Amino acid sequence: MFDLKRYSEAELESGKFTKLWHGPQHPGITGNMSLELTLSGDDVVECKTHVGYLHRGFEKLMERRTYIQNFPVVCRIAVPEPTFNEYMYAAAVEELAGIEVPERAEWLRCLNLEMMRLASFLMWLGGACGSFGMSTVYQWTVTHRDYMLDLFEEMTGARIYHMYISPGGVRAPLPDGFSERALSVMNGIEKLLYEIERVALNNHIFKMRSQDLGIIDPEMVDPYGIVGPNARACGFKRDVRKDAPYLVYDQLDFEVITADKSDAYTRTLVRYQEMHQCISLIRQMLEQMPTKGSFHADLPNVLHWKIPAGQTYVKSECTRGEYGYFLVSDGSEYLRRVTIRGPSYTHAIAVMEKLVVGVNIADVAGLMVSLHTYPPEIER
Amino acid sequence: MKLKDLTSPFYVWQRAFEKPYTQSKPTLNREGAHAYRGFHINDIEKCVGCGTCEEICMNNAIDMVEIAAKDSKKGDSGLVPRFDYGRCCWCALCVDICTTGSLRMSNEYTWAADDPDSFRFTPGVDETSWQDSEHGYRRHPEYDLLKLVRPEMEMLSPDEGLKSFDEVVAGYTHEQAVVEADRCIECEICVATCPANMDIPGYIRAVREENFEEGLRLLYDTNPFSATCGRICTHRCEDDCTISTFGKPLAIRWLKRYIVDQVPAERFAEILNDEITENGHHVSIVGAGPGGMSAAYYLRKKGYGVTVYEAGASGGGMLRYGVPSYRLPDDQLDKDIDYIVSLGVEVKYNTKIGHDIEFQQLMDKSDAIFIATGMDQPSSMRIKGEDHPRVLSGLTVLNDVASHKDPGVGKNVAVIGGGNVAMDAARVCRRLGADVTVLYRRRIVDMPADKDEIKEALEENCNFVLQAIPVLIEDAESSDQVTIQWGEAEMIAEDGKRPRPVLQEDRMHTDTYDSIISAIGQSGDFSFLPQEISDQLKQHWGKFEVDQRQRTAVGKIFIGGDIANDVADAISAIADGKNAAIGIDAFVSS
Ligand SMILES: Cc1cc2nc3c(=O)[nH]c(=O)nc-3n(C[C@H](O)[C@H](O)[C@H](O)COP(=O)(O)OP(=O)(O)OC[C@H]3O[C@@H](n4cnc5c(N)ncnc54)[C@H](O)[C@@H]3O)c2cc1C
Ligand code: SF4
Ligand code: SF4
């Protein structure tokens, strides 16, 4: 294996290495960001990450929109996972404004979030397989993700940007017959997962390429702020859903999934199991959730809704780990400041820059996908 | 390595025998889900052009536009939303907030066109293939962004109320006022309905922001009788409040009252800070009712010397001598009048034009004259015996009570009529201890009186006899009493016209009362006008014809209030006064 020696700036610029821009439009990149790689032969010697291709200024936009106008904005912050943003924003606003959310809304939100997690993981799993050359699996997962989008379409009125969780609750209860359709989609996905286990996770080539790739040393976890499956794969039993239960997670039966070595392969396995866990949670919720009662709290007039001065940090477990919103209100109709802290910020920049050194150029995409990063979430 | 790890990938081949997942879009049109947020649909018959959809849209995707198919009318701006799909993000906040429920979405989501401008379109006007779609997003009935419930106003119980002439309505508490003010969506539809075009959303905002000084300034800018109107205004603005489609209209009147109640009379001058620069012209005003005093206020602010001639002993006109004090306490009326007078308006009380001073004298010495003498002549019932000494006019009874005189109505009274004067007379008689029967020719729904007035009269146990037509009044056995003969009426509608009460001569009744109070309407007395002027002024159904600025055919003479407008309520008189001030200013300076 390549000697993990760090080169000085002068050596890197000396001309004996090749510079390669991986991204911003490389298919193995999980969104618009780029890795400026310095290669010695096929191996990465050094990596600088570059962001800025996606900056849409959400946090600033949000300071210029009223509280209600922001809820259709936030879903756009992480394209494959709009729902987590909707929930975090709503939860933070509710906390600042002291709003009690009705129980039924909590269930519907929780269901929506787990559906989102599953849909997002489907997309991710396809990418994980695709980046190691198995694009057939990608086609399967994207298809089943589409079935999930059909469910979202029914439940929320839209496929991608659901705009369903609004401050105060959700916008509508479940449509008639939704549970049956959702359960049948779940059965389909469960079956698909076993097939994928067979063709990909047990696949010798997949194993060869992903095992020992991008190992996260448990020592790195805290200094680098590594969270979610990336940390759980090396034994950290950390999951906001268990550690600080929100919504109805304390009423659901599930265990935090961990493993003992965080390499690209094990991280895939952890997420794979979490997908099964999602299915189980969705089934539990569809069975237990109340079917009557209010699904939205009474809000003040949203056209001139002022929230007393204050600040709050709320967090939830998204697919990539702890996701947090920091909101500051100043008593006016507008937010004073918003800061969104997604796991991708550290996973795609600091962690990636470290792990990629020594990796073969062909595996860079696979490594990046195995960290499950979303550049749009870095650039709010 | 296990053998399985090498063989299992070949399992993929099994898929070769399955149906493909993909569908070919052009041949197979997949319909959006039932509640899909697709392109907008607007029922422009229902849409009142309130612009709330435009207000909430965070993408500025909506513009309110005029369309040929719709004119602005009472309660409807005539505008409709036009959508720009280059901006819309299909969040449907506009649908959620739509005050009338006219706006919804279809489940159509594909639209291809080579003209980019066609993506800016006006649903309900521009033809679309989805306009009759039954599917698509609608606001869920249990999901309401509008605030539909009005805080309950505290009032004296009917029993309590009957014990005195104390004000019945308590007024909002601070919490109630702020909650109520929060409901306003600032669509401004009410502003067009208010005869004085008061800045209603503005002063409601002042309540919300607890800025009563600003509120007071906004009020008196368009209405110098705000303390009064905050109590007795006919509040037609509330009829057109867009919130009333699904909920209770904003309590606009009570919020106005709330502001004025927060500011003591002594602080008016300092807050309103009306600076007056004399302009050397002089205007005479006949009548110190709301019409006359409103004109005086605005003329004075423009620097005119103003003299108001009033036949009575104090100002306020019918508001003082008609409206009973349990609805409008004297001190509230005084709050307004005293402020107007404090600006240097001269009021000559007990001075009846045509009796104490001739009208011609005013013509000679003034640059302009504004007449607002109101209607104080009771209309005749046109039945035999109505000159019986036990038949009193509603206005006389109310006037007596307002002047702290006993009108001597007795213990058992019949009130004839269904307007506000009838309701006031009935409720005043109840407070004087009489049993009251209200006889009205039509049904309750036809009564011109304010709905609240009818409700409160009923709560105070006024006995309503409806579809009752008086026919004859005669002496009763006792000379202290009077007998009325009346017949039942059937409501008969002829070719689409409003149903008319028709007397059923076989169903006649005779009742005896201590007094009968006639309150079926009133008219003006214009005998003070010299004949040649009277001849020039045009009248129509007992009202003078004036233009928007209250101008008449006689250059110098402006007329307003009950004798000019058809509505005959306080706020219309106030608006007339303001318009006259503008008209007079234009006339004098031209
Ligand atoms: C019983 C009753 C209840 C009412 N309730 C309401 C209500 O709840 N809400 C509402 O909005 N409206 C109400 N109204 C109507 C409202 O009072 C009138 O529309 C309003 O007062 C009209 O104002 P005005 O200035 O035109 O005339 P008025 O208020 O009638 O004032 C005219 C003034 O001119 C004086 N005057 C007349 N002739 C002469 C003369 N020759 N020389 C000098 N002075 C003269 C009179 O003394 C009087 O003071 C009510 C009316 C009545 C009678
Ligand atoms: S759907 Fe949303 S973005 Fe589109 S017009 Fe309505 S409020 Fe604006
Ligand atoms: S909110 Fe509804 S009623 Fe008001 S303008 Fe928009 S579409 Fe029309």
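In helix α18 of chain B, the buried residues are B:V421, B:A422, B:M423, B:D424, B:A425, B:A426, B:R427, B:V428, B:C429, B:R430 and B:R431. The model described here is a predicted one. Because 11 of the 12 residues of α18(B) are buried, this helix is largely enclosed by the rest of the structure. Buried here means under 20% relative accessible area.

At 1.5 Å a residue, its 12 residues should span 16 Å, and the end C-alpha atoms are 16 Å apart, which agrees. After the helix comes B:G433, which has a positive phi, near 95°.

**Ligand 1**

Ligand 1 is surrounded by 35 residues. The closest of them are B:I232, B:E310, B:M318, B:R327 and B:D562. By type, the shell consists of 18 nonpolar, 11 polar and 6 charged residues.

| Residue | Atom of ligand 1 | Distance to the backbone atom |
|---|---|---|
| B:P290 | oxygen | 3.4 Å |
| B:A311 | nitrogen | 3.0 Å |
| B:M318 | oxygen | 2.8 Å |

Taken alone, ligand 1 exposes 990 Å², and the protein buries 94% of that area. Several elements of chain B give two or more residues each to the shell around ligand 1: α13 (290-301), α14 (318-321), α17 (394-402), α18 (420-431) and α21 (570-589).

**Ligand 2**

The shell of ligand 2 holds 13 residues, and the closest are B:C57, B:C88, B:C91, B:A92 and B:C94. It divides into 11 nonpolar residues, 2 polar residues and no charged ones.

**A contact between the chains**

B:K147 is located in the loop between β5 (120-121) and α4 (158-162) of chain B. Is this lysine buried or exposed? Its relative accessibility is 14%, so B:K147 counts as buried. The side chain of B:K147 makes a polar contact of 2.9 Å with the side chain of A:D298.

**Backbone details in loops**

In chain A, the peptide bond from A:G23 to A:P24 is cis, and its omega is near 10°. A:P24 is placed in the loop between β1 (18-22) and β2 (34-40) of chain A.

A:D212 is in the loop between α8 (204-210) and α9 (218-224) of chain A. With 47% relative accessibility, A:D212 counts as partly exposed.

The other is B:N461, whose phi is also positive, at about 65°. B:N461 lies in the loop between α19 (451-459) and β14 (463-465) of chain B. At 55% relative accessibility, B:N461 counts as exposed, since the cut-off for exposed is over 50%.

Terms used
Residues are numbered from 1 along each chain as its sequence is written. Chains are lettered from A and ligands numbered from 1 in the order in which they are written. This is a predicted model: local features need pLDDT of at least 70, side-chain atom pairs count only at pLDDT 80 or more; totals for chains, interfaces and linings use all residues. Side-chain values use heavy atoms; hydrogens and water are left out. A residue is near a molecule or strand if one of its heavy atoms lies within 4 Å of it. A polar contact is a pair of N or O atoms within 3.5 Å; within protein, one must be able to donate a hydrogen and the other to accept it, and residues adjacent in sequence count only if both atoms are side-chain atoms. Accessible areas come from the Shrake-Rupley method with a 1.4 Å probe; for residues, only the protein chains shown count as cover. Helices (H or I, at least four residues) and strands (E, at least two) are DSSP runs, numbered from the N terminus. Ala, Val, Leu, Ile, Met, Phe, Trp, Tyr, Cys and Pro count as nonpolar, Asp, Glu, Lys and Arg as charged, and the others, Gly among them, as polar. The expected span of a helix is 1.5 Å times one less than its number of residues. Buried means under 20% relative accessible area, exposed over 50%, partly exposed in between (1.4 Å probe, protein chains only).
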